[in-house]
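Reader: I would like to go through this model by question and answer. Please give the cut-offs as the terms come up.

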Amino acid sequence: MASCKSRISYFEFTREEIEKAIKNRGLLSMEMEFTLHCNFRCPYCYLPEHPIIENELSREEICDSILQAQELGAKKIIILGGEPMLYPHILDVLRFIRKQHLNVEMFTNGSNITADVAKLLLKNGVNVVLKMNTFNEDIQDVLAGEKGAYKIIREAFNNLRQAGYPSEETFLAVSTVICRQNSDEIVSLWKWLRDQNIIPYFEMITPQGRARQNEWLYVDPRNLYGIFSEIADIDRKQYNHIWDPQPPLIGNECLRHQFSCLVNAQGYVMPCVGVNIPVGNIRDQKLKDIIKDSEVIQNLRNYRSTMKGPCRECEKFNRCYGCRGAAYQLTGDYLASDPLCWKNADRQKEIVSLPVEVEKIIPQKLPMRVIDMLVRVAEKEADITVTIIRDMPFVSGDGLLDETAYIEMMAQSVAAVNSFEQKCSYSSSKGFLLGAKKFEILGEAKVGDILKISVYKYMQFDGFCVVKGTISRDNHILARGEIKVWHNTDEIIEEVTKASVRQPNG
């Protein structure tokens, strides 16, 4: 699983460093997948049951991405998987990273970490995060999806310890996913690691990939709060670590989206493994341009003015936004409140999920409203649907939809996306259609047809944006073209300012 910022040593960046990264649209860390090959089949993995393992980055592309991240201010590279130790050039790339004077953290299940390899990792200053979920051999094998996994992990652990981990310069951490099968030993495992000066990195399950299909793993959020609170009390009294319980990490703060990103094995840049929305590909663009131009990344970095729902009212909102991955995977909205936070257990109805009825977010009412549902929102693009009904003003007596309706569908779709993404509440904002061009009509629609409107904002300045769109039925395009629209940004800025004033100082 991926690494997050923590108050614990080696995981922390200062508030000043984070604010500078936000201001400069830079990075402090970058997560990377070198390969998706893995010899385990963990049922909680963020990857699907059968991930697509093809067209993976070359060693040269990986090294170039690391240099680009360093130019943006990154101080550390976090290596994820698949299993990094199955990547054939892993030791060469680790040496390359250290040669750039960058810190490196590698998440591993322990495969191929022999006694000699453990010594090489320590010699090269590699911080190792070993995946270990339990003391119980049978349970560990179940949670790894592989018979013999426990022995692989324990052998790697022993080799790392004998090599000298943890040292003054290089830490050893253990990554543990909290699930029903190990919940009764989480406290004892935490204390065991603390007593050995090993960093415990414990996290809640993100409901995606294989985990989405294995609900037998999940622990009720209220029970999780009890575990978090008990460990917080132990940490304070026995180890002098003081922190407040908050999801998704025990003892840690997940603020990675303000200063980090993920480059996956195919080169796609995403906010994190949980918010797996591609915002660009390093094979097509420079990393700095992807970061600079991404609406998704900037919205996450400015979460205090863009987040929605009950999380905004939380007293910890200034330094906590729950798990963005859980929010995105469960609602389709990366800016929604975290449904798995125990504070939101009784407020689920206040957390809006996609698809959402557009009548809640645009000013047009029937019969002038010509779209129904906002279905998907991603990087500068969205999908909206509508079922053509006879009462629509653009429908002729014979039930055919007039071609002029297509432009209005696109305009209302842009309004819906704008309101959904940028407003702190689900009230509508004012806007105008300024014109259309390059519009082609390729087919006709009639009463009863379900149409999909797909829009992509490819140019934007202040309140003006140019949008490309298609309107289709059953994957057959009926119309396509461009429109130019304007939205009342003053209204949005006024709402954002009010929201900022309401936040506590931190």
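Reader: Is glutamate 381 buried, exposed or partly exposed, and at what relative accessible area?
Author: Buried means under 20% relative accessible area, exposed over 50%, and partly exposed in between, with a 1.4 Å probe and protein chains only. Glutamate 381 is partly exposed, and its relative accessible area is 29%.

Reader: With which residue does glutamate 381 form a salt bridge?
Author: A salt bridge is a side-chain nitrogen of Lys or Arg within 4 Å of a carboxyl oxygen of Asp or Glu. The closest N and O atoms of the pair are 3.2 Å apart, and the partner of glutamate 381 is arginine 376.

Reader: Which residues do salt bridges that share partners join into one network?
Author: Aspartate 92 and arginine 59 meet through their side chains at 3.1 Å, N to O. Helices (H or I, at least four residues) and strands (E, at least two) are DSSP runs numbered from the N terminus. Aspartate 92 is in helix 3 (residues 90-99) and arginine 59 in helix 2 (residues 59-71), so the pair ties together parts that are 33 residues apart in sequence. The network consists of Arg59, Asp92 and Arg95.

Reader: What is the basis of the model, and what average pLDDT does the protein have?
Author: This is a predicted model, in which local features need pLDDT of at least 70 and side-chain atom pairs count only at pLDDT 80 or more, while totals for chains, interfaces and linings use all residues. Residues are numbered from 1 along each chain as its sequence is written, and side-chain values use heavy atoms, with hydrogens and water left out. pLDDT is the predictor's confidence in each residue, from 0 to 100. At least 70 is reached by 92% of the residues, and the protein averages 91.

Reader: Over which residues is the pLDDT below 50?
Author: Where pLDDT is low, the predicted coordinates should not be read in detail. Contact means heavy atoms within 4.5 Å. Beyond near neighbours in sequence, one such stretch has 68 contacts in the model and another has 22. These stretches are residues 1-11 and residues 424-428.

Reader: Which residues have the most contacts inside the largest nonpolar core?
Author: A nonpolar core is a set of buried Ala, Val, Leu, Ile, Met, Phe, Trp, Tyr and Cys residues joined through side-chain atoms within 4.5 Å. The largest one has 108 residues. Leaving aside neighbours within four places in sequence, leucine 287 is in contact with residues including Leu27, Met30 and Val269. The residues with the most contacts inside the core are Leu121, Ile250 and Leu287.

Reader: Why is helix 12 largely enclosed by the rest of the structure, and which helix is included in what covers it?
Author: Helix 12 (residues 324-331) has 7 of its 8 residues buried, so it is largely enclosed. Among those buried are Arg324, Tyr328 and Gln329. Just after helix 12, glycine 332 takes a positive phi of about 80°. The cover of its buried residues includes helix 10 (295-301).

Reader: Where does isoleucine 477 lie, and how far is its C-alpha atom from that of leucine 442?
Author: Isoleucine 477 is in strand 16 (residues 476-487) and counts as partly exposed at 35% relative accessibility. Isoleucine 477 is in contact with Leu442, Thr470, Ile471 and Ser472, leaving aside neighbours within four places in sequence. Isoleucine 477 and leucine 442 are 35 residues apart along the chain, and their C-alpha atoms are separated by 6.8 Å.
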